[in-house]
Amino acid sequence: GLSPDAAEQIQEFIRQAMVQRNQEDFQGALRVLRGSPREFRRSREIMLLIGDTLCRQRKYKRAIPFLMAYLDLSPWEERVLARTARVLIAAGEHELAIDLANRLVLRNPEDTDSRVLLAECFRAARKNERALKILEGVLAESGQHERAKKLHKELAHN
């Protein structure tokens, strides 16, 4: 792991980058992060922040390696898994998006949002039958899921 000193320095780079980011200066934030020493750039937090900042600039394809590297180190972080699946959809990487959403569903089969996300991934991959099947399951349990209702309506009318 990193020395306590290095961990503290990483936090300092992150603080500086966040100041830029909060002023909507995404380029400035990336400059700060990319200017950090190489071993810091391999830290989970900095990789996540770089990936996230590229997403804020809608540079989804460029964000993916950073988000995936973060997930290699924290494979079960659900928030990041879900967000990365959405970024993959935006970048047209549908199969990989399906993989990540599947990971979430296997982890929490009861979680409705994860199942709806998986359905979104299938829809993006033009696997409408599979998407519909998931959505029907979700709606059978709870007809109140707005996103599921909307998606189901879109798919059923195709």
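This is a predicted model: local features need pLDDT of at least 70, side-chain atom pairs count only at pLDDT 80 or more; totals for chains, interfaces and linings use all residues.

Guide: Residues are numbered from 1 along each chain as its sequence is written, and side-chain values use heavy atoms, with hydrogens and water left out.

Visitor: How many helices and how many strands are in the chain?

Guide: Helices (H or I, at least four residues) and strands (E, at least two) are taken as DSSP runs and numbered from the N terminus. Read along the sequence, the chain follows the pattern α-α-α-α-α-α-α-α-α-α. The count is therefore 10 helices and zero strands.

Visitor: What percentage of the residues of the chain count as buried?

Guide: A residue is called buried under 20% relative accessible area, exposed over 50%, and partly exposed in between, using a 1.4 Å probe and protein chains only. The C-alpha trace spans about 55 × 30 × 25 Å along its principal axes. Of the 158 residues in the chain, the part that counts as buried is 41%.

Visitor: Among contacts between residues at least 6 apart in sequence, what percentage join residues at least 24 apart?

Guide: A contact here means heavy atoms within 4.5 Å. Among the contacts in the chain that link residues at least 6 apart in sequence, the part joining residues at least 24 apart is 46%.

Visitor: Which helices do the buried residues of H7 pack against?

Guide: Helix H7 covers residues 94–107, and its 14 residues reach 20 Å from the first C-alpha to the last, close to the 20 Å expected at 1.5 Å a residue, where the expected span is 1.5 Å times one less than the number of residues. Its buried residues are Ala97, Ile98, Leu100, Ala101, Leu104 and Val105. They cover an arc of only 170 degrees around the axis, which puts them on the same side of H7, the arc being that of the directions from the helix axis to the C-beta atoms. From that side they pack against helix H5 (60–73), helix H6 (78–90) and helix H8 (112–124).

Visitor: Which residues are exposed on the other side of H5?

Guide: In H5 the buried residues are Ala63, Ile64, Leu67, Met68, Tyr70 and Leu71. Seen down the axis, these fall within an arc of 155 degrees, so they line one face of the helix. This buried set packs against helix H4 (44–56), H6 and H7. On the other side of H5, the exposed residues are Pro65 and Asp72.

Visitor: Which residues does Leu81 touch, not counting residues up to four places away in sequence?

Guide: Leu81 is found in helix H6, and at 0% relative accessibility it counts as buried. Leu81 and Leu100 are 19 residues apart in sequence, yet their C-alpha atoms are 6.2 Å apart in space. Leaving out residues up to four places away in sequence, Leu81 touches Leu71, Pro75, Trp76, Leu100, Arg103 and Leu104.

Visitor: Is Ile50 buried or exposed?

Guide: Ile50 is found in helix H4, and, not counting residues up to four places away in sequence, it touches Leu30, Leu33 and Phe66. Its C-alpha lies 9.9 Å from that of Ile14, a residue 36 places away in sequence. With a relative accessibility of 2%, Ile50 counts as buried.

Visitor: Where is Glu24 placed?

Guide: Phi of Glu24 is near 65 degrees, a positive value in a residue other than glycine. At 53% relative accessibility, Glu24 counts as exposed. Its place is in the loop between helix H1 (4–22) and helix H2 (26–34).

Visitor: What is the relative accessibility of Arg126?

Guide: Arg126 is found in the loop between H8 and helix H9 (128–141). Its phi is near 60 degrees, a positive value in a residue other than glycine. Arg126 counts as exposed, with a relative accessibility of 72%.

Visitor: Which helices do the buried residues of H9 pack against?

Guide: In H9 the buried residues are Ala131, Leu132, Ile134, Leu135 and Val138. They cover an arc of only 165 degrees around the axis, which puts them on the same side of H9. The face turned away from this buried side carries the exposed residues Glu129, Lys133, Ala140 and Glu141. The buried residues of H9 pack against H8 and helix H10 (146–156).
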